[in-house]
Amino acid sequence: MIQLIRGFKDILPGEVELWQKIEKTAVELLEDFGFKEIRIPIMERTELFARSIGEDTDIVEKEMYTFPDRKGDLLTLRPEATASIVRSYIQHKLYAQDPVRKFYTIGPMFRRERPQKGRYRQFYQINAEIFGVDSALADAQLIFILATLFARLSVTDVQSHINSLGCPACRPNFKQSLNQFLSGVKDRLCADCNRRQIRNPLRVLDCKVPACKEAIEGVPSILDSLCPECHRQFEILKNALERLDVPYIVDKRLVRGLDYYSRATFEIKTGLLGAQDAVAGGGRYDGLVKTLGGPDLPATGFAIGFDRLAELIADSKVDNARQLDIFVASLGEKSRALAFEWSCAFGLAGIQVEMDMSNRSLKSQMKRANKFAAKHTLIVGENELEQGAVILRNMATKDQVSIPIENLVENVKAKLAV
Ligand code: AMP
C-alpha cells in the first residue's frame, strides 16, 4: 500500500471542521481590519527564497524542497509565503495607486525539517502582511490581531514575545559586540553556529541546540545598541500594546529564523505544545521589497502556524458539522430513479440530503438514516407513488405524513420549516 510521505498528513472529516472554524474566524477578523486575500503559487524560482530568507538560514541551507524542472529551471516548494507576496506586490506594481496595502493568505508551506509533534514537512500558515507603513503602530496592530484571534478561539495560554532587531544603521554595532561575546564562548557552540558566527552572528541567537542556548545565556541585548529612531519605534510599539491591553514579554534573544527582519520582531508562544512552542511569528522587514527589486517601501507581517493552533484547540471539540435534513429511502427500481431525481433537487434547494443508491431493504435504509442522524426520512414506495404521494417520517417523533409529489421540494421545505 502506498503511504503518506513522511512529515505530510491528511486532515480528515471530524478534524477539518476545526480547521474551517479557525479559518473562518481568522478571515473575518482580518477582513474587518482591512486585509484583502491574495493567492500566490506554491512554487517559485529558488532564487526568490535564497535572496529573501537568506543563504545562512536553516531553511535555505537544509530545508527547502528544491529541484530542477524538466527544462532545468531551479524551483522550490515555498517554505514560507512572505517572499511570494513581496514578489507579487512588486511584479504587479500593487504599490502604484497606494503603497499602503494589506494582504492575507492561507495555505501550505514545505520545509524538510525532522518531523515531530507540531513540526511537519507540509504545514499550513495564515499570513498577514502590511506594506507601506513605517510606523510601529502597524506592528502593534498585527500583534493585537493575533491576540484577538487567539482570544476568539478561546486559546488562553499564549504570550507575546517582542524584540527589536534594529536597522542597518545600528545593527552593525550590535553585531560587533555580539561577535566579541561569541568569540568568548566559541568552544561551546555547535558547528553551524561557529560557521555562522563570522558571516551572520545574529543567527546564533536563534540556534535550537540546547548547548548553544546555554552558552549564550549572558549575551548582550540588542536593545542596548538601538539607534534613537529604532529605540523610539520600539517605545511606540510597547506603548500601543499597553494601551490595547495586550501583555508582552521583551525577549532579547528573539531574532527568528529568517534574514529579512528589521526593527520589531515578535513571536506568540504557548506552554501547551512542548518543544514546538511558537504558534505565530512575525516582524518588520523594511528592506525586503527593495532587495527583491521593488521600490524602497517598508513592510511588516506575521505567520500563524495553523497546524499548531489546531492542536491547541483540538481538545475543545468543535461541532459545526451540519445535521442531515433528509435521508431518501426508496423501494424498487422505479422509485429509486425518482428518489434520485428528488434528492438532487433537495440538494439544489439547500436541503442537506443523502440517499441509498443500492438495492437495500427498507429496514437497512432506515438504519442508515439513523446512522446519519437524519432529521427526516423520505420514503418513496411504489404503492404510495401510485397514489401520487410519498411518506415523510420525522426521525425524532416517529410521526409519518403523506406528502403529494406535485411540488415535492416545496412541500417538503414547508414541512422542514415547522
Ligand atoms: P516562520 O515562518 O518560521 O516564522 O514560522 C511561523 C509559524 O509557522 C511558527 O510560529 C510555527 O507556528 C509555524 N511553523 C513553522 N515551521 C513549522 C513546521 N515545520 N511545522 C508546523 N508548523 C510550523
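Strands β3 and β4 form a hairpin with five residues between them, and Gly72 in the turn has a positive phi of about 90°. Helices (H or I, at least four residues) and strands (E, at least two) are DSSP runs numbered from the N terminus. The pairing of β3 (residues 65-68) with β4 (residues 74-77) is antiparallel and runs over four bridges, where two strands pair if DSSP finds at least two bridges between them. Thr66 has Thr76 in β4 as its bridge partner.

This is a predicted model, in which local features need pLDDT of at least 70 and side-chain atom pairs count only at pLDDT 80 or more, while totals for chains, interfaces and linings use all residues. Residues are numbered from 1 along each chain as its sequence is written, and side-chain values use heavy atoms, with hydrogens and water left out.

Around the ligand there are 14 residues, of which Arg111, Glu113, Tyr120, Arg256 and Ala278 come nearest; a residue is near a molecule if one of its heavy atoms lies within 4 Å of it. Strands β6 (122-131), β10 (278-284) and β11 (299-305) each supply at least two residues of this shell, and β10 gives the most, with three residues.

| Residue | Protein atom | Distance |
|---|---|---|
| Arg111 | side-chain N or O | 2.8 Å |
| Gln125 | side-chain N or O | 3.1 Å |
| Val279 | polar backbone atom | 3.4 Å |

The protein covers 92% of the 490 Å² of accessible area that the ligand has on its own, with areas from the Shrake-Rupley method and a 1.4 Å probe.

Notes: Polar contact = N/O pair within 3.5 Å; in protein donor to acceptor, adjacent residues only side chain to side chain.
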